[in-house]
Amino acid sequence: MKSIEEIYPLLLEPRKVAIIMHQKPDADAMGSSLGLYHFLLQLGHQPTVISPTNWAEWLKWMPGCEQVIDYEYSTEKAIAALEQAEWVFCLDFNTMSRTRNMASRLRRLPTTRILVDHHQQPESELFAYGVSNTQKSSTSEMIYDLIVGSGNDDKINKDIAECLYAGVMTDTGSFRFPGASADVHRMVARLKDTGINHTKIHEDLFDNFLENRLRFIGYVLQNRMEIFYEHNAALISIPWKDLVRYEIKTGDTEGLVNYPLSIQGIKMAALIIDRDEEVKCSFRSKGDFDVNVFARTYFDGGGHVNAAGGHSGDTLEVTVERFIEAIKENSSQLQ
Ligand code: 5GP
Ligand code: MN
């Protein structure tokens, strides 16, 4: 993989570009992709943004979101855009399996793939150019670096700023995590100078749910949460029938895994959900317990030191049993 800087001079020549993010995109995946989209539009390129799956309602306010193609829903259109593209940017993921049904097609595509990502252990051999930096707060910050680094600071408009702000704010837990560096705050000042209303962005992301989601959270915290004090760990496990009963949609469970971390002494929290098509796992930690390694070792996943995910082909019950065994094995690191 060659350095991302090598594409800077090539940006002057307009071309068809596809921008891809990971499945079930979060605000950083969607925000960085749309931030790049608005930037490339201004340079005269013809960008198309593709998500491997659908996305949460609370992302739909983002400028350009209505243009994003859902690969599962509009497969033919997405394939056409992929096949016509000269460049394929891969944002906020670094292993093809994160693109679900698109993965095998992406691997086969003879197009130039460009990586911009901040997760651990990238599949670098799949990309012609790219940047992978786990020190970065968010992929949105890295898109900002790309825009400024290529000498295009003057192109940062309000659309770009809104998208990148949403990504960096959510990936830093509202500027709380260690990744919220001085550089991040300087970037936010620059984004704010474009006239964005950050209060509105926070409201659109966090205060825009339906009643059923809050009732669901109350129900699962009461009935589906187990605390393992001897291992300083906690688990919320949710059967499919709960999702059906509360009419839970994509994005409604975002952030739920963080609740148990607010309990004194709890260093690691897990959320295991039976999504019918697969059992999805999310892990969060405080301090130096590495959930990326944990997710990789036991649940075919990955991510960051303090936030990672994975999945399981077993039933919910068996996955929960495997999780309990895994925290027993890791108990000494959790003390
Ligand atoms: P979440 O728990 O919010 O789904 O994901 C937390 C972090 O772990 C994100 O940075 C996400 O990209 C990563 N992640 C989630 N699921 C998987 C997975 O199945 N495989 C890998 N490699 N990373 C994942
Ligand atoms: Mn991210």
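What follows is a set of questions and answers about this predicted model.

Q: How many helices and strands does the chain have, and how compact is it?
A: The secondary structure comes to 11 helices and 13 strands. The C-alpha atoms fill a box of roughly 60 × 40 × 40 Å along the principal axes. For 335 residues the globule rule gives 20 Å, and the chain's radius of gyration is close to that, so the chain is as compact as a globular protein of that length, at 20 Å.

Q: Which strands stand at the edges of the 7-stranded parallel sheet?
A: This open sheet runs in the order E1-E7-E6-E5-E2-E3-E4, with parallel pairing. Two of its strands each have a single partner strand, so one side of each is left without a neighbour in the sheet: they are E1 (2-3) and E4 (69-70).

Q: Which residue in E5 is the bridge partner of Ala18?
A: Strand E2 covers residues 16-20 and strand E5 covers residues 87-91. The two run parallel and are joined by 4 bridges. In E5, the partner of Ala18 is Val88.

Q: Which strands stand at the edges of the mixed sheet?
A: Here 6 strands form an open sheet in the order E8-E9-E10-E11-E13-E12. Each edge strand has a single partner, so one side of each lacks a neighbour in the sheet; these are E8 (225-228) and E12 (302-303).

Q: Which residue takes a positive phi in the hairpin of E8 and E9?
A: E8 and E9 run antiparallel, joined by 4 bridges. Met225, for one, has Ile236 in E9 as its bridge partner. The hairpin has 4 residues between the strands, and the positive phi, near 55 degrees, belongs to Asn232.

Q: At what angle to E10 does helix H11 run?
A: Helix H11 (residues 316-329) lies across E8, E9, E10, E11 and E13. Helix H8 (residues 211-223) packs on this sheet too, touching E8 and E9 at about 125 degrees to E9. As for H11, its angle to E10 is about 165 degrees.

Q: How many charged residues are in the lining of the second largest pocket?
A: The second largest pocket holds about 220 Å³ of space. Its lining includes Glu57, Trp58, Phe209, Arg213, Lys249 and Asp252. The lining residues divide into 3 nonpolar and 3 polar, while the charged ones number 5.

Key: Residues are numbered from 1 along each chain as its sequence is written. Chains are lettered from A and ligands numbered from 1 in the order in which they are written. This is a predicted model: local features need pLDDT of at least 70, side-chain atom pairs count only at pLDDT 80 or more; totals for chains, interfaces and linings use all residues. Side-chain values use heavy atoms; hydrogens and water are left out. Two strands pair if DSSP finds at least two bridges between them. Contact means heavy atoms within 4.5 Å. Axes are lines fitted to C-alpha atoms, for helices over the stretch in contact, and angles run from 0 to 180 degrees between N-to-C directions. On a 1 Å grid over the protein atoms alone, a cavity is a set of points where a 1.4 Å probe fits but cannot get out, and a pocket is an open set with protein on both sides within 12 Å along at least five of seven lines; lining residues have an atom within 4 Å of a point. Grid points are joined across faces, edges and corners, and a volume is the space filled by probe spheres set on the points. Ala, Val, Leu, Ile, Met, Phe, Trp, Tyr, Cys and Pro count as nonpolar, Asp, Glu, Lys and Arg as charged, and the others, Gly among them, as polar. The radius of gyration is taken over C-alpha atoms; the globule rule is 2.2 Å times the number of residues to the power 0.38.
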